[in-house]
Amino acid sequence: MKKTYGIEVDCANCANKMENAARKTEGVKDCTVNFMMQKMIVEFQEGADRNSVMENVRNNCKRVESDCEVFI
Amino acid sequence: MNRKQRIMLIRILISAAMVIALSFIPVTGLPRFVLYMLSYLIVGYDILRKAIKGIIRGQVFDECFLMATATVGAIALAIYERSGDYTEAVAVMLFYQIGELFQSYAVGKSRKNITELMDIRPDYANVEVNGTLEKVDPDDVGIGTIIIVQPGEKVPIDGVVIEGDSSLNTSALTGESLPREIHQGDEIISGSINMTGLLKVRTTKEFGDSTVSKILDLVENASSRKSKSEDFISKFARIYTPAVCLSALALAILPPVVSMIMGGSAGWEVWIYRALTFLVISCPCALVISIPLSFFAGIGGASNAGILIKGSNYLETLSKTKIVVFDKTGTLTQGVFEVNAIHHGTIDDERIIEYAALAESASSHPISRSLQKAYGKAIDRSRVSHIEEISGNGVKAIVDGHEIACGNDKLMHLLGIEPIMCHSIGTIIHVAIDGIYSGHIVISDVVKPHSAEAIQSLRKIGIRKAVMLTGDAKKVAESVAEKLGIDTVYSELLPADKVDKVEELIASKSDDEKLVFVGDGINDAPVLGRADIGIAMGAMGSDAAIEAADVVLMDDDPLKIPKAIKISQKCLRIVYENIVFAIGVKLICLALGALGIANMWLAIFADVGVMIIAVLNAIRALYVKSL
């Protein structure tokens, strides 16, 4: 199950950091952050609750890059 | 510029003005410190705030933290040394912010440019409701709805023209500037622009399945598939910052301690200053931004030329192409077959054509279409039964009670019929009626006007080998290959043989050399998938091809193949230039900084300057017109 979310992030390295943070979140199988299109493509693990996983993804992203935003 | 950027610009200008003014006004002591601090905070307060946040969250190697440490450290040194030279700290912060602003502006600008290039998304569809036109969301239009497309409007959904004649501008889709004439009964593709006449169109697809949606989806997601270079640089960035920080720490502590042990003076200020210089160079953003930006620009430029590349990784692989394998029909040749002659007919020529056309009527192969064209009348399917396709060889069917077999000589041999071989160049369709040989039909295909030129131009850009695969007869294949300058030909292949041949070719080359297969997307999806890069051409409207291929050429001009490779080579050259240039300059500055030759000024110029040059260089990938 893949889903695309809009994000807001200012620098390319911060986008990489968000990608790593999201990948480490429980329930996320894989994640790609497209800095140029300001998009985050998240592949969820089987049976994961998307909304609660995305809340955690957002929190983890904010921890590494306080200025970022993930639009759920 | 958005609001955030404008505020940043104002902060930079105020702070810069203050610093310049302060260098002329002789203020000393505490007022001097306060004024400088004011200009420092104006330009850098958000960096300090983020740095503190980072520390609280345990994110030590954060650019903001590094910039904050470097500048605060420089201010502390200035106070300690009583030099009153705060300019350096403010300037470092100032230039850092200028760099960030430039980056954010340039990225935003090129994002906008590139998405505008691909501005084919229709905003509405005109539907006639009770005699009046209503604009509705294309998403809400069902299959089979009649929509109206006025001159100057984009065709929102794929369909068939039921009324009206016009010409279409397909340049946003194909890069082809010549308008296409369109008449009643023609298929019409979404994303093209209606130029002259009013068209009534019956939709054949939903908006989400229409060409325009597929293309937009493909282009927008292209840069999400990351290339090896991008992975390399993000891994590099992860190691680079901590490594530079640790070196800075070592630089600040080790030399003074060693010097003290040796009995000399420690010289803490000198080494701490050098360590702070290190921190200024530690931000990896210049590197990280230029690589995805180059790929994004390359993909954007290519799509504007009618070449859709599905991901940065494919762009990277494409640039290493050494072997190009072509499918013949529809790729190098027009795929428009014409019946040229009928030989050795035992019955009337018209009857032979009629039987052949009817027997082949179930097939969508170009050969069958050309037979139907030569027959010239409507096909009455009720006269045909028991159609049996013998893959790659031909077809057997019962027509008007007669058993008709038509296909190549293999089919004839298979049926125990001795065919009369033909000396003409072309595809030979032997026809047998009730097991008796009744003659053959010569059908030939025309080579595309640009095929030979395309192959020459491929050689110029370093393609080692051009191969052609075809299901066609050996004689035809060899004559075409000779005309075009193809190295190797494999003829009389069944669809499955093509995959085997491609696999053989892949096995016989080294890993660094990439193999590209070019097909027209009909029947060759497995081969498109098996090759390192599958290019489907003339794919406008063909979903299967768009799905199976890695690179999609919107029209069927073979010259687009060398163009696609040239675009990829240019893009990758820019990527490597940026990697080498950015890492090179940083390493040189680190060395000079450690030796005390480079001061903080040079460090920040190196950091911001490299980034600006790398970004400008990256944007160059967008310009592909002259390739």
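# Exercises on a predicted two-chain model

Seven strands of chain B form an open sheet of mixed pairing, in the order E10-E22-E21-E20-E11-E18-E19. Helices (H or I, at least four residues) and strands (E, at least two) are DSSP runs numbered from the N terminus, and two strands pair if DSSP finds at least two bridges between them. This is a predicted model, in which local features need pLDDT of at least 70 and side-chain atom pairs count only at pLDDT 80 or more, while totals for chains, interfaces and linings use all residues. Residues are numbered from 1 along each chain as its sequence is written, and chains are lettered from A and ligands numbered from 1 in the order in which they are written.

## Exercise 1

Identify the edge strands of the sheet, and state which helix packs on the sheet.

Step 1. Strand E10 (307–309) and strand E19 (488–490) of chain B are the edges, since each pairs on one side only.

Step 2. From one strand to the next, the twist averages 20°. Axes are lines fitted to C-alpha atoms, for helices over the stretch in contact, and angles run from 0 to 180 degrees between N-to-C directions.

Step 3. E10(B) runs antiparallel to strand E22 (551–553) of chain B, with three bridges joining them. B:Ile309 stands opposite B:Val551 of E22(B).

Step 4. Helix H20 (560–595) of chain B packs on the sheet and touches E10, strand E11 (321–327), strand E20 (514–519), strand E21 (533–537) and E22 of chain B. The direction of H20(B) makes about 45° with that of E10(B). Two residues are in contact if their C-beta atoms, placed from the backbone, lie within 7 Å.

## Exercise 2

Find the residues with the most contacts inside the largest nonpolar core.

Step 1. A nonpolar core is a set of buried Ala, Val, Leu, Ile, Met, Phe, Trp, Tyr and Cys residues joined through C-beta atoms within 7 Å. A residue is buried if 20 or more other C-beta atoms lie within 10 Å of its own, exposed if 12 or fewer, and partly exposed in between.

Step 2. The largest core has 169 residues, and B:Val92, B:Ile535 and B:Val551 have the most contacts inside it. H9(B) gives the largest share of this core, twelve residues.

Step 3. Leaving aside neighbours within four places in sequence, the contacts of B:Ile535 include B:Val516, B:Phe517, B:Val551 and B:Ile561.

Step 4. A second, separate core has 28 residues, among them B:Ala397 and B:Ile428.

## Exercise 3

Describe the contact between the chains from the side of chain B.

Step 1. Chain B contributes 20 residues and chain A contributes 15 residues.

Step 2. On the side of chain B, helix H2 (29–56), helix H4 (87–117), helix H7 (228–261) and helix H9 (285–304) each give two or more residues. The largest share, six residues, comes from H9(B).

Step 3. By class, this side has eight nonpolar, six polar and six charged residues. Here Ala, Val, Leu, Ile, Met, Phe, Trp, Tyr, Cys and Pro count as nonpolar, Asp, Glu, Lys and Arg as charged, and the others, Gly among them, as polar.

## Exercise 4

Decide whether helix H1 of chain A is mostly covered or mostly open, and find what its buried residues pack against.

Step 1. H1(A) (12–23) has twelve residues and reaches 17 Å from its first C-alpha to its last, close to the expected 16 Å. The expected span is 1.5 Å times one less than the number of residues.

Step 2. H1(A) is mostly covered, with ten of its twelve residues buried. Among them are A:Cys14, A:Lys17 and A:Met18.

Step 3. These buried residues pack against strand E2 (28–34), strand E3 (39–44) and helix H2 (50–64) of chain A, together with H7 and H9 of chain B.

## Exercise 5

Step 1. Most residues other than glycine have a negative phi. B:His386, which is not a glycine, has a positive phi of about 50°. B:His386 is in strand E13 (384–390) of chain B and counts as exposed because it has 10 C-beta neighbours inside 10 Å.
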